[in-house]
Structure formats: C-alpha cells, structure tokens
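Please walk me through this protein model. Keep to what the coordinates show, and go step by step.

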Amino acid sequence: MSQPLASNCILWDGPRRADGYGRVHIDGKRPYAHRVAYCRAHSIPLSEIDGLVIRHRCDNPQCVNPDHLETGTHADNIADQVARDRNASRERHGHSKLTEQQVAEIRNADTSVRGRKSELARTYDVSCALITRILQGRIWKPIKAPIKDTSGQISAAGF
Ligand SMILES: [Zn+2]
C-alpha cells in the first residue's frame with residue numbers, strides 16, 4: 001500500500017462470504033460488515049454510502065477498522081483489483097511457459113477485437129508484449145517444428 005497504516009487491522013470474526021467480506025444482519029438486510037463499521041465510525045446511516053464503494057486501504061477484506069476504510073468509486077475498486085492481480089501473477093511466474101497448443105490458440109485468436117490482446121495475456125499469464133511477438137511470428141516461427149524441451153513445452157523464458 002502507498003501509505004502506511006497507523007493502526008492494526010480489526011478482523012471481523014462473524015459470518016463471512018466466500019470472498020472474505022463479513023456480513024451482518026440489520027433490519028432484515030445483510031449489509032457488509034465493513035460498510036456498517038464505516039458508517040458507525042462516521043455516525044452516518046448506511047443509506048448515505050449507497051452507490052459508493054468502501055475500500056480497504058489495508059487490502060484486507062475481513063478488516064473492519066474504520067481507520068482502514070475509505071470511500072471510493074467502483075472504478076477505483078477495479079483499478080485496485082487489477083493492480084493486485086498483476087502483482088500476484090508477476091510473483092507466480094518469474095518466467096512463463098506456453099505449450100504448443102496455447103501458442104496455436106493465441107495465433108488463432110481474433111485480435112482485431114479491442115482489448116483482446118490483454119485478455120489473452122491475462123488468460124495465459126504472459127505479458128502483452130509476448131502476445132504481440134507471438135502474433136507477429138517473431139518467436140516460435142515454424143509452429144509445425146517447435147523446439148521442445150523434455151517436458152514437451154516451449155520455453156518463453158527470457159522475455
Ligand atoms: Zn485493516
């Protein structure tokens with residue numbers, strides 16, 4: 001996170017959804033625990049934050065510490081998510097390997113569609129630059145006669 005947090009996370013220990021967010025029962029409704037925590041801390045009704053996203057500055061969906069919560073838009077939330085996914089995939093794959101089959105699939109993909117390349121990059125967990133190179137035939141030129149290593153995969157290491 002960009003700014004360090006002054007206090008520790010307060011973890012919600014009530015019922016949670018599969019995504020980690022806590023839920024509470026209020027007046028027959030089941031709002032998120034962190035939204036309720038935010039409203040209590042600011043002495044505002046839940047309806048006040050209708051349409052707003054309450055973001056976790058600590059990145060911990062289970063946290064209900066009001067100091068870690070701030071309002072944001074859905075776009076902010078999606079941007080956060082994308083940044084997290086990007087970091088996660090970078091850690092998971094120091095280098096990437098694509099199978100012959102995957103390279104063929106990438107080549108056959110209709111990349112005239114806007115955003116299709118980055119979608120492919122996400123799907124195969126490789127960089128957009130690599131997808132571009134594959135599409136331009138700058139690597140894995142003769143798809144019929146690929147250089148195989150022992151695992152039968154073509155290594156994309158070094159990109
Ligand atoms: Zn927190």
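Asp-125 is partly exposed, because 13 other C-beta atoms lie within 10 Å, and a residue counts as exposed at 12 or fewer. Asp-125 sits in the loop between helix H4 (116-124) and H5. The backbone there deserves a look. Asp-125 has a positive phi of about 60°, although it is not a glycine. Most residues other than glycine have a negative phi. This is a predicted model, and the angle is a property of that prediction.

H4 and H5 pack with their axes 8 Å apart, at an angle of about 110°. The two helices are therefore roughly perpendicular to each other, since angles of 65 to 115 degrees fall in that class. On the H4 side, the contact is made by Lys-117, Ser-118, Leu-120 and Ala-121. H5 contributes Cys-128, Ile-131 and Thr-132. By class, the contact of H4 with H5 has four nonpolar, two polar and one charged residues.

H5 also meets another helix. The axes of helix H3 (residues 100-108) and helix H5 (residues 128-136) come within 9 Å. They cross at roughly 80°, which makes H3 roughly perpendicular to H5. From H3, the residues involved are Val-103, Ile-106 and Arg-107. They meet Ile-131, Ile-134 and Leu-135 in H5. Five residues of this contact are nonpolar, none is polar and one is charged.

Ala-109 is partly exposed, because it has 17 other C-beta atoms within 10 Å, and a residue needs 20 or more to be buried. Setting aside residues up to four places away in sequence, Ala-109 touches Arg-116 and Leu-120. Ala-109 and Leu-120 are 11 residues apart along the chain, and their C-alpha atoms are separated by 8.4 Å.

Step back to the whole chain. The protein has five helices and four strands. From the N terminus on, the elements run α-β-β-α-β-α-α-α-β. Of the 159 residues, 13% count as buried. Consider contacts between residues at least 6 apart in sequence: 49% of these join residues at least 24 apart.

Next, go to the start of the chain. Gly-14 is placed in the segment before H1. Is Gly-14 buried or exposed? Gly-14 is exposed, with 10 other C-beta atoms within 10 Å. Gly-14 touches Gly-22, Val-24 and Ala-33, not counting residues up to four places away in sequence. Between the C-alpha atoms of Gly-14 and Ala-33 the separation is 8.7 Å, and the two are 19 residues apart along the chain.

Arg-40 is exposed, with 12 other C-beta atoms within 10 Å. Pro-66 is 26 residues away from Arg-40 along the chain, yet their C-alpha atoms are separated by 8.6 Å.

The strands come next. Asp-59 is found in the loop between strand S1 (53-56) and strand S2 (69-72). Here is another non-glycine residue with positive phi: the value for Asp-59 is about 70°. Asp-59 is exposed, with 12 other C-beta atoms within 10 Å.

How far does the predictor's confidence extend? The protein averages a pLDDT of 77, and 74% of the residues score at least 70. Confidence is highest in H1, at a mean of 94. Confidence is lowest in strand S4 (residues 154-155), at a mean of 48. Over residues 91-96 the pLDDT is below 50, and this stretch has six contacts in the model beyond near neighbours in sequence. Residues 141-159 also stay under 50. For them the model has 24 contacts beyond four places in sequence.

How values were computed
Residues are numbered from 1 along each chain as its sequence is written. This is a predicted model: local features need pLDDT of at least 70, side-chain atom pairs count only at pLDDT 80 or more; totals for chains, interfaces and linings use all residues. Two residues are in contact if their C-beta atoms, placed from the backbone, lie within 7 Å. Axes are lines fitted to C-alpha atoms, for helices over the stretch in contact, and angles run from 0 to 180 degrees between N-to-C directions. Angles under 35 degrees count as roughly parallel, over 145 as roughly antiparallel, 65 to 115 as roughly perpendicular and the rest as oblique. Ala, Val, Leu, Ile, Met, Phe, Trp, Tyr, Cys and Pro count as nonpolar, Asp, Glu, Lys and Arg as charged, and the others, Gly among them, as polar. pLDDT is the predictor's confidence in each residue, from 0 to 100.
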